[in-house]
Amino acid sequence: MYKIKTDSFTLTVDTKKDAFNLLLKLSGLKISDLSKYMEVSIEELQNAPQWAINYLKDIINAELIHLGYVIKDTKTTGLLYELNRLQKEAQKAITKGTIQGNQPVELNDDIVSESGYIKAGYITRMEDILKDFINPD
């Protein structure tokens, strides 16, 4: 099991490569985007280097903490309704044994931050990751 725990989210997957792929998905980036931005080859990123995992983890963590403050300041906690529902549904399915494995991504309860614009895409992408986990193709 490979686990990443930050102040704002927890990611639990089988391998480092799985973590890298979920971090890419959560960030909304494709491997080609990261390759171009970091000026490294796609082949180098295919091996899920630790520096790339750290970069994605840190960027996502900072953005989610900021989002948490915005949600608190603007009193828009309803934005998290579907994500909270999916997290509970995933946990329930794991407990019942209808899904094997660990919940891949979880938004930690204590994210709070200063005002600014809402980057709700992170929440939407977390929802997509959990939907894929609950109902794999």
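Student: Which residues of H4 are buried?

Tutor: This is a predicted model. In it, the buried residues of H4 are Ala52, Ile53, Leu56, Ile60, Asn61, Glu63, Leu64, Leu67, Gly68, Val70 and Ile71.

Student: How do you know that H4 reaches close to the span expected for a helix?

Tutor: H4 covers residues 50-74 and has 25 residues. From its first C-alpha to its last, H4 reaches 36 Å. At 1.5 Å a residue, 36 Å is expected. Just after H4, Lys75 takes a positive phi of about 55°.

Student: Why is Thr12 called buried?

Tutor: The cut-off is under 20% relative accessible area. Thr12 has 10% relative accessibility, so Thr12 counts as buried. Thr12 sits in strand E2, residues 9-13. Leaving aside residues up to four places away in sequence, Thr12 touches Met1, Tyr2, Lys3, Asn102, Gln103 and Pro104.

Student: Which residues meet where H1 touches H6?

Tutor: From H1 come Leu22, Lys25, Leu26 and Ser27. From H6 come Tyr122, Arg125, Met126, Asp128, Ile129 and Asp132. These residues divide into 5 nonpolar, 1 polar and 4 charged.

Student: Which residues have the most contacts inside the largest nonpolar core?

Tutor: They are Phe9, Leu11, Phe20, Leu26, Leu64 and Met126, in a core of 36 residues. The elements giving two or more residues to this core are E2, H1, H4, H5 (81-96), E3 (105-107) and H6. Take Leu26: beyond residues up to four places away in sequence, Leu26 touches Phe9, Ile60, Val105, Tyr122, Arg125, Met126 and Ile129.

Student: What makes the phi of Glu39 worth a remark?

Tutor: Most residues other than glycine have a negative phi. Glu39 is not a glycine, yet has a positive phi of about 55°. Glu39 lies in the loop between H2 (31-38) and H3 (42-46).

Student: Ala48 also has a positive phi. Is Ala48 buried or exposed, and is Glu39 buried or exposed?

Tutor: Ala48, in the loop between H3 and H4, has a phi of about 50°. Its relative accessibility is 1%, so Ala48 counts as buried. Exposed means over 50%. Glu39 is at 72%, so Glu39 counts as exposed.

Technical notes
Residues are numbered from 1 along each chain as its sequence is written. This is a predicted model: local features need pLDDT of at least 70, side-chain atom pairs count only at pLDDT 80 or more; totals for chains, interfaces and linings use all residues. Side-chain values use heavy atoms; hydrogens and water are left out. Helices (H or I, at least four residues) and strands (E, at least two) are DSSP runs, numbered from the N terminus. The expected span of a helix is 1.5 Å times one less than its number of residues. Buried means under 20% relative accessible area, exposed over 50%, partly exposed in between (1.4 Å probe, protein chains only). Contact means heavy atoms within 4.5 Å. Ala, Val, Leu, Ile, Met, Phe, Trp, Tyr, Cys and Pro count as nonpolar, Asp, Glu, Lys and Arg as charged, and the others, Gly among them, as polar. A nonpolar core is a set of buried Ala, Val, Leu, Ile, Met, Phe, Trp, Tyr and Cys residues joined through side-chain atoms within 4.5 Å.
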